[in-house]
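This briefing is for a reader who is new to the structure shown below.

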Amino acid sequence: QTNLHIERFEDAQQISGITDRKIRGANFETGINKPTSISKGIHTHHHETFMSTVGTEPTDFETEKGFMSRLSVGLAMSPDLSTVGSISDFYDPGYKAGINLEYSITENLSVSVGVIHSLVKYTAQSNNYNPSYYWTGGNAPDEIIGECLLFDIPISLKFNFLNFERSRFFATAGLSSYFMQSEEYSFNYRAYQPGQEEGWSGQTGTSHWLSNAGFSIGYEFDIHPDWSMRVEPFIKVPVQEVGWGNVELYSMGSFISLSYRL
């Protein structure tokens, strides 16, 4: 019996040593020291602590590879509601779709740049337009319906102001440059007169640098250590006039995006 007890004790010590080496190896590979407790020399339990924080560092969920990648790339889509002159009288929705690249400056502050393709639709009165030529015979349309294709290049700062275990609330602010592809306008009149212009269209290709300021508040949640999803309502307000009609363009929507940490 004494020999049997000695053999069992030696077996337990051997298993315990193997388990300890596995724990140390895992900690070395990940760079994270996790609290452990060993019961009877052979059972190991890992305990991870997640805390709800405000403006503090993210949890171990985001750093379980030993470090959090500073770069992430995302795909984003949103309906586009646009108007000119003021935030009212929205027309049929367009769309925004594109990609963005984000770089983390600190745990809660990041900078991003994107390429967003946009279809913008809106309606306006003639007094909201300042085209490069006068209306025929001075007879201005009563309503103008615009449809434009453009590239939106936003540069923005993002701040995580409320962190949870695997999600966070954030706010962004930035500037967008608009690069027009094509513009098409239909003119409507209350009464017909000979020689009235029915509309205007063209492949304009004009550039409007830093023409709009953008603001958003969003919610991001992690679906995997490397993947996250976002819901991000936004508004863009004019800094300068854009397009053939030199209009002050307002846009609203809500991005839904999927991001991958490189």
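The side chain of Q196 reaches the backbone oxygen of A191 at 3.0 Å, a polar contact (N or O atoms within 3.5 Å, one able to donate a hydrogen and the other to accept it; residues adjacent in sequence count only if both atoms are side-chain atoms). The model is predicted: local features need pLDDT of at least 70 and side-chain atom pairs pLDDT 80 or more, while totals for chains, interfaces and linings use all residues. Residues are numbered from 1 along each chain as its sequence is written, and side-chain values use heavy atoms, without hydrogens and water.

**Around Q196**
- Q196 sits in the loop between strand 7 (167–188) and strand 8 (199–202); strands are DSSP runs of E with at least two residues, numbered from the N terminus.
- Q196 counts as buried because its relative accessible area is 14%, where buried means under 20%, exposed over 50% and partly exposed in between (1.4 Å probe, protein chains only).
- Leaving aside residues up to four places away in sequence, Q196 touches N139, Y189 and A191, contact meaning heavy atoms within 4.5 Å.

**Strand pairing**
- Strand 5 and strand 6 run antiparallel and are joined by 14 bridges; two strands pair if DSSP finds at least two bridges between them.
- K121 stands opposite E147 in strand 6.
- Strand 6 also pairs with strand 7, in the antiparallel sense over 20 bridges, and a hairpin of three residues joins strand 6 to strand 7.
- E143 stands opposite N188 in strand 7.

**Salt bridges**
- The whole structure holds 11 salt bridges (a side-chain nitrogen of Lys or Arg within 4 Å of a carboxyl oxygen of Asp or Glu).
- D152 and K96 form a salt bridge at 3.8 Å, N to O; D152 is in strand 6 and K96 in strand 4, 56 residues apart.
- D152 is buried at 1% relative accessibility, and K96 is buried at 1%.
- K158 and E220 form another, their closest N and O atoms 3.9 Å apart; K158 lies in strand 6 and E220 in strand 9 (residues 207–224), so the pair ties together parts 62 residues apart in sequence.
- D222 and R168 meet at 2.7 Å, N to O, linking strand 9 to strand 7 across 54 residues.
- Salt bridges with shared partners join E102, K158, R168, E220, D222, R230 and R261 into one network.

**Surface**
- I105 is in the loop between strand 4 and strand 5 (109–124) and is partly exposed at 39% relative accessibility.

Terms used:
Helix = DSSP H or I, 4+ residues; strand = E, 2+ residues; numbered from the N terminus.
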